[in-house]
Amino acid sequence: MAGKDQSGTFGACSSSVETLEKENAYLQTIIDSVGSGIMVIQRNYEVTLMNATAESMMMNEQIADKFHPKCYEISHHLQAPCDGKEHPCPLSMVLESGERVKVMHRHKDAFGKERIIELTATPILDEEGNIDAIVEVAHDMTQLVTTQQELAHQSHHDALTDLPNRVLFMDRLEQGLKYAQRYNKRLAVLFLDIDRFKEVNDSLGHAVGDELLVSVATQLGVIVGVNDTVARMGGDEFAILVENLQETNALISIVTRITQALSEPILVGSHWLYVTFGVGIALYPNDAQDAISLLKNADAAMYNAKQKGRNRYEFYTQSMTQKAYERIVMETQLREAIATNALEVYFQRQVDAQSQTLIGMEALVRWNHPELGLLGAGRFVPMAEETGLIVALDEWVMRHAIMQWVAWHKKGQAVGILSLNLSTLRLADEYLIERITALLEELEAQPQWLMLEVTESQIMKNPQASIATLNALGAMGIKLAIDDFGTGYSSLAYLKALPINKIKIDQSFVRELPYNGNDAQIVKTIIAMAQALGLEVIAEGVETQAQCDFLLSLGCTQIQGFLFHRPSSGAAIEAQSMPF
Ligand code: C2E
Ligand code: MG
Ligand code: MG
């Protein structure tokens with residue numbers, strides 16, 4: 001058993017000086033090999049033992065000698081001011097309390113690197129139970145604390161943009177609400193969603209999408225400043241917490257600053273991109289009292305802003321919750337409608353305006369809603385796409401439209417090509433070819449009767465896979481049209497690689513023809529491009545004779561629009577002298 005002798009060094013029971021020295025050396029080697037720092041300090045501040053680890057932890061120009069006469073100087077070193085706070089002295093604390101104490105010290109080592117040391121000081125009692133000395137054990141926690149800090153940062157920040165994430169945002173919102181409640185303040189939550197970000201991601205790839213998000217995050221950070229919080233909530237969604245809100249106008253000024261900052265195009269990779277947002281705003285205490293409801297209401301307001309177009313902001317109103325609720329009800333009802341055949345296929349005839357002949361028809365879905373009556377596709381197709389119901393819906397439409405086509409063929413009607421809209425989700429279905437083949441066989445229909453309409457962004461979402469699927473469909477004899485042409489980002493290289501038969505000029509370019517010079521130029525270019533690539537071209541949404549004449553003058557003879565036919569049920573078309 002080792003114990004402290006008169007000389008203050010460790011001694012053993014042997015009286016031999018040689019043995020004593022040997023044992024002391026053993027003991028020193030053992031304690032030197034311990035990874036924690038160990039020090040024994042007497043009541044008079046004399047350090048009577050210090051192992052190598054403690055020495056290296058304490059290494060400083062002031063403390064070269066391990067048997068430094070005064071602990072004070074060591075504690076002076078340890079008590080070096082850090083972050084403006086003095087460190088408590090463990091020895092004094094033990095002497096005062098009579099108990100073991102644990103303290104954390106931060107100090108700079110000889111290389112100027114900050115170290116975090118955990119010190120445990122335990123009293124050593126004499127025979128009478130008085131404190132004779134203390135033993136200090138020091139653990140270097142620097143690495144552990146740094147790792148913990150990094151982990152804490154990671155769990156509260158978005159990995160891509162380094163902005164606070166949803167967890168941290170909600171935390172700050174909760175804190176902000178507590179403060180606002182106590183001091184009668186107002187606060188606001190702004191929910192932002194980048195307009196048409198999905199198209200950027202789908203057509204230019206995720207790497208470009210990510211770069212855009214980082215760039216947007218940086219700009220938002222600058223605009224919002226240090227007093228408010230901007231967070232990435234996921235995907236292309238951001239949220240801003242505005243505390244201490246004085247007047248509502250301040251929010252409009254934030255939105256304006258965001259709009260102005262992003263009014264210049266951003267260079268991402270080799271693409272110049274314009275960024276706009278849909279913004280929803282909810283206020284405390286007006287719109288909600290708790291964090292979750294506040295965020296939900298800001299989200300509902302954002303959704304409403306998006307419905308109204310790009311680059312818009314909306315303040316929350318009560319009716320928005322009602323609308324969000326209706327959306328959920330609609331989803332359940334649509335699921336039922338598909339199962340119970342409450343949907344209906346309408347057909348819109350496409351004509352050759354020059355030869356006055358029928359080319360074919362586009363199948364457009366309608367919903368006989370129990371309370372709302374007959375609903376157009378625009379009322380529920382976007383929701384079906386968001387929820388994935390579109391896959392079942394498209395299958396339903398395909399089956400019923402082909403059934404009608406078979407029936408007309410059996411009656412000897414020359415109805416031409418049946419065009420079917422194909423959603424992205426169905427295009428991505430690996431069993432699409434098998435399903436269509438099986439359906440055609442079951443209904444005894446010909447692949448040559450069909451044309452599938454896909455949009456540019458649907459193809460660009462996964463160009464390689466889409467090309468493979470579309471090539472397989474083409475090999476079966478099914479034709480392909482690019483719908484809403486000109487509205488998405490697309491690559492001519494891919495368009496050339498696709499087995500496309502037809503381009504459909506989007507109705508947004510047709511609407512103001514022939515008077516809108518820009519649109520006229522775009523339409524001219526699309527037609528020339530289609531002709532150069534040897535593709536058919538059809539104009540959608542033709543409502544007036546002037547539009548039709550202009551298109552004819554450019555060589556676009558295929559027309560789909562109210563000027564000739566509105567979408568109608570199969571029965572209604574039959575009732576009007578078929579086929580034209
Ligand atoms: P789309 O494929 O571009 O279809 C053309 C839309 O333009 C149809 O709207 C049609 O009714 C409308 N339209 C046709 N001529 C005119 C016109 O002269 N003036 C105006 N103002 N509009 C005209 P609808 O039926 O409401 O469909 C809207 C969109 O919903 C479609 O756009 C298509 O993207 C989608 N959709 C419709 N049915 C289906 C379907 O069965 N499956 C899928 N995946 N999408 C569908
Ligand atoms: Mg279409
Ligand atoms: Mg279209």
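User: Let's start with ligand 1: which element gives the largest share of the shell around it?

Analyst: That is β16, with four residues of the shell. Please keep in mind that this is a predicted model, where local features need pLDDT of at least 70, side-chain atom pairs count only at pLDDT 80 or more, and totals for chains, interfaces and linings use all residues. Residues are numbered from 1 along each chain as its sequence is written, chains are lettered from A and ligands numbered from 1 in the order in which they are written, and side-chain values use heavy atoms without hydrogens or water.

User: How many residues surround ligand 1, and what puts a residue among them?

Analyst: There are 24 residues around ligand 1, and the closest are R366, D394, Q507, E543 and F562. A residue counts if one of its heavy atoms lies within 4 Å of the molecule. Elements that each supply at least two residues of this shell are β16 (357-369), α12 (377-387), α13 (390-410) and β20 (479-485). By class, the shell has nine nonpolar, seven polar and eight charged residues.

User: On to the metals. What makes a residue a donor of the magnesium ion (ligand 2), and which residues are they?

Analyst: A donor is an N, O or S atom within 2.8 Å of the metal (3.2 Å for Na, K and Ca). E362 (OE), N421 (OD1), E453 (OE) and D483 (OD) coordinate the magnesium ion (ligand 2) at 2.0 to 2.3 Å, so they qualify under the 2.8 Å limit. Along the chain, these donors follow the spacing E-x58-N-x31-E-x29-D. E362 in strand β16 and E453 in strand β19 (residues 450-455) are 91 residues apart, a pair that links distant parts of the chain.

User: Why are E362 and E453 called buried?

Analyst: Buried means under 20% relative accessible area, exposed means over 50%, and partly exposed is in between (1.4 Å probe, protein chains only). E362 has a relative accessible area of 3%, so it is buried. E453, at 2%, is therefore buried as well.

User: Buried or partly exposed: what are D483 and D484?

Analyst: D483 has a relative accessible area of 6%, so it is buried. D484 is at 26%, and therefore counts as partly exposed.

User: Now the rings. How do you know that F238 and F277 form an edge-to-face pair?

Analyst: Rings of Phe, Tyr and Trp (its six-membered ring) pair if their centres lie within 6.5 Å, with planes under 30 degrees apart stacked, over 60 edge-to-face and the rest tilted. That rule gives seven aromatic pairs. F238 and F277 are 6.5 Å centre to centre with 90° between the planes, which is edge-to-face. F238 sits in strand β10 (residues 237-242) and F277 in strand β13 (residues 277-284), 39 residues apart. Both F238 and F277 are buried. Elsewhere, F347, W405 and W408 form one aromatic cluster.

User: What makes the T276 to D195 pair a polar contact?

Analyst: Their side chains are 2.7 Å apart. A polar contact is a pair of N or O atoms within 3.5 Å; within protein, one must be able to donate a hydrogen and the other to accept it, and residues adjacent in sequence count only if both atoms are side-chain atoms. T276 lies in the loop between β12 (271-273) and β13. At 16% relative accessibility, T276 counts as buried.

User: Where is R232, and which contacts does its side chain make?

Analyst: R232 is in strand β9 (residues 229-234). Its side chain makes a polar contact with the side chain of D158 at 3.0 Å, and a polar atom of the R232 side chain lies 3.0 Å from the backbone oxygen of G235. With a relative accessible area of 13%, R232 is buried.

Note on methods: Ala, Val, Leu, Ile, Met, Phe, Trp, Tyr, Cys and Pro count as nonpolar, Asp, Glu, Lys and Arg as charged, and the others, Gly among them, as polar.
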